[in-house]
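Please keep the sequence and the structure in view while reading.

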Amino acid sequence: NDTRYLRVCIRYADQTSRPMEIFKYLYDRKVGLQCAVFWAAWAWTAEKRGEWSAAEKIFKKALGVEGMCPGEFVQSRYRQFLRRKKKKLREDAVAEEEDGVSSHRSVLGRSNRGFRLPSSAVAAAANSSNSVHLNNNSHSN
């Protein structure tokens with residue numbers, strides 16, 4: 001649990017193409033388990049790779065380690081992680097909504113007669129809480 005050795009291992013993991021394997025190797029050999037920097041670096045590596053659930057599991061394991069030095073460091077990093085995760089989920093939801101509006105535009109953007117709905121009208125219809133019905137038989141301006 002020498003932090004100097006552990007930092008060298010973390011730097012090495014950061015330079016390899018398979019950093020998660022390095023952390024797993026260290027974990028299996030109980031290297032660094034009492035050091036908060038080990039857990040924070042492992043979770044950060046998982047997060048950078050888009051492995052959000054793995055990062056959360058790592059943090060939860062870390063929070064269960066008794067006598068970790070310094071324990072408040074991991075707690076602080078875990079709170080930061082949760083904020084980033086929440087932000088990412090919001091961004092993903094917004095992107096998903098925007099993709100839905102784009103697909104509505106492509107579906108609703110043309111009628112049989114070559115009439116093109118303005119994108120602002122499509123967006124308003126997609127965002128409206130009232131349902132909008134287009135009747136192809138009526139031709140009102």
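## Ile 10 in helix H1

Ile 10 belongs to helix H1, which covers residues 3-15. Helices here are DSSP runs of H or I with at least four residues, numbered from the N terminus. The model is a predicted one, in which local features need pLDDT of at least 70 and side-chain atom pairs count only at pLDDT 80 or more, while totals for chains, interfaces and linings use all residues. Residues are numbered from 1 along each chain as its sequence is written, and side-chain values use heavy atoms, with hydrogens and water left out.

Ile 10 counts as buried because its relative accessibility is 15%; buried means under 20% relative accessible area, with a 1.4 Å probe and protein chains only. Leaving aside residues up to four places away in sequence, Ile 10 touches Phe 23, Val 37, Phe 38 and Ala 41, where contact means heavy atoms within 4.5 Å.

## Helix H3

Helix H3 comprises residues 36-48, 13 residues in total. From its first C-alpha to its last, H3 reaches 18 Å, close to the 18 Å expected at 1.5 Å a residue; the expected span is 1.5 Å times one less than the number of residues.

Just after H3, Gly 50 takes a positive phi of about 80 degrees.

## H3 against H4

Two packed helices are described by the angle and the distance between their axes. The axes of H3 and helix H4 (residues 52-63) come within 7 Å and cross at roughly 170 degrees. H3 is therefore roughly antiparallel to H4, a term for angles over 145 degrees.

In this contact, Trp 39, Trp 42, Ala 43, Ala 46 and Glu 47 of H3 meet residues of H4 including Trp 52, Ile 58, Phe 59 and Lys 61. The residues of the contact divide into 10 nonpolar, no polar and 2 charged.

## Glu 56 in helix H4

Glu 56 is found in helix H4. Its relative accessibility is 15%, so Glu 56 counts as buried. Not counting residues up to four places away in sequence, Glu 56 touches Tyr 78, Phe 81, Leu 82 and Lys 85.

How values were computed:
Helix = DSSP H or I, 4+ residues; strand = E, 2+ residues; numbered from the N terminus. Buried < 20%, exposed > 50% of the residue type's maximum accessible area, 1.4 Å probe, protein only. Axes fitted to C-alpha atoms, helices over the stretch in contact; angles between N-to-C directions. Parallel < 35°, antiparallel > 145°, perpendicular 65-115°, else oblique. Nonpolar A, V, L, I, M, F, W, Y, C, P; charged D, E, K, R; others polar.
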